[in-house]
Amino acid sequence: PWSKVFSRKLPPEAVDLVSKLLQYDPRKRLSWFQAMTHPLFDELRDPMTRLPNGKPLPPLFNWLPGEMDGVPEDVQRRLQPKAS
């Protein structure tokens, strides 16, 4: 298991994400948008999250036209920041 490969200091969510990204079978591997909805990134969608210097995060969800083409609507909703 990947938990034996990575340091114990690594959050379990990170180990889970890496294990899903490194699946040998591409049908089992996460797509880019599935990876971005992983719980490891939930903090980035929280409007109260701040950088270590106290400043707000830069815009992370300002998609260009066409970038979300083909992404299921429910996934698009999960990718957007939570309402404050």
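How many salt bridges does a search of the whole structure find? The search finds four; a salt bridge here is a side-chain nitrogen of Lys or Arg within 4 Å of a carboxyl oxygen of Asp or Glu. Notes follow.

1. Basis. This is a predicted model, in which local features need pLDDT of at least 70 and side-chain atom pairs count only at pLDDT 80 or more, while totals for chains, interfaces and linings use all residues. Residues are numbered from 1 along each chain as its sequence is written, and side-chain values use heavy atoms, with hydrogens and water left out.

2. Asp25 and Arg27. These two form a salt bridge, with the closest N and O atoms 3.0 Å apart. The classes are buried under 20% relative accessible area, exposed over 50%, and partly exposed in between (1.4 Å probe, protein chains only).

3. Asp42 and Arg45. Here the side chains meet in a salt bridge at 2.7 Å, N to O. Arginine 45 counts as buried, at 5% relative accessibility. Aspartate 42 is partly exposed, at 30%.

4. Glu73 and Arg77. The side chains of this pair meet in a salt bridge at 3.4 Å, N to O. Both residues belong to helix 4 (residues 73–79); because they are four residues apart there, about one helical turn separates them. Glutamate 73 is exposed at 59% relative accessibility, and arginine 77 is exposed at 54%. Helices are DSSP runs (H or I, at least four residues) and strands are likewise DSSP runs (E, at least two), numbered from the N terminus.

5. Helix 2. Ala14, Val15, Leu17 and Ser19 are buried in this helix. Their cover includes helix 1 (2–5) and helix 3 (32–36). Serine 19 counts as buried at 18% relative accessibility. A polar atom of the serine 19 side chain lies 2.7 Å from the backbone oxygen of aspartate 16.

6. Surface patch. Leucine 21 also sits in helix 2 (residues 12–21), but counts as partly exposed, at 34% relative accessibility. Together with Trp2, Val5 and Leu22, Leu21 forms a nonpolar patch on the surface, with about 350 Å² of accessible area in total. Patches are made of residues with over 30% relative accessible area and no salt bridge; like charges are joined within 9 Å, and nonpolar side chains (Val, Leu, Ile, Met, Phe, Trp, Tyr) within 5 Å. Accessible areas come from the Shrake-Rupley method with a 1.4 Å probe, and for residues only the protein chains shown count as cover.

7. Core. Phe33, Met68, Val71, Val75 and Leu79 make up the largest nonpolar core, which has five residues. Such a core is a set of buried Ala, Val, Leu, Ile, Met, Phe, Trp, Tyr and Cys residues joined through side-chain atoms within 4.5 Å. Valine 75 is in contact (heavy atoms within 4.5 Å) with Phe33 and Thr37, leaving aside its neighbours within four places in sequence.

8. Gln80. Glutamine 80 lies in the segment after helix 4. This residue is partly exposed, with a relative accessible area of 31%. Neighbours within four places in sequence aside, glutamine 80 is in contact with Arg45, Phe61 and Trp63. The C-alpha atoms of glutamine 80 and proline 59 are separated by 11 Å, and the two residues are 21 apart along the chain.

Conventions
Polar contact = N/O pair within 3.5 Å; in protein donor to acceptor, adjacent residues only side chain to side chain.
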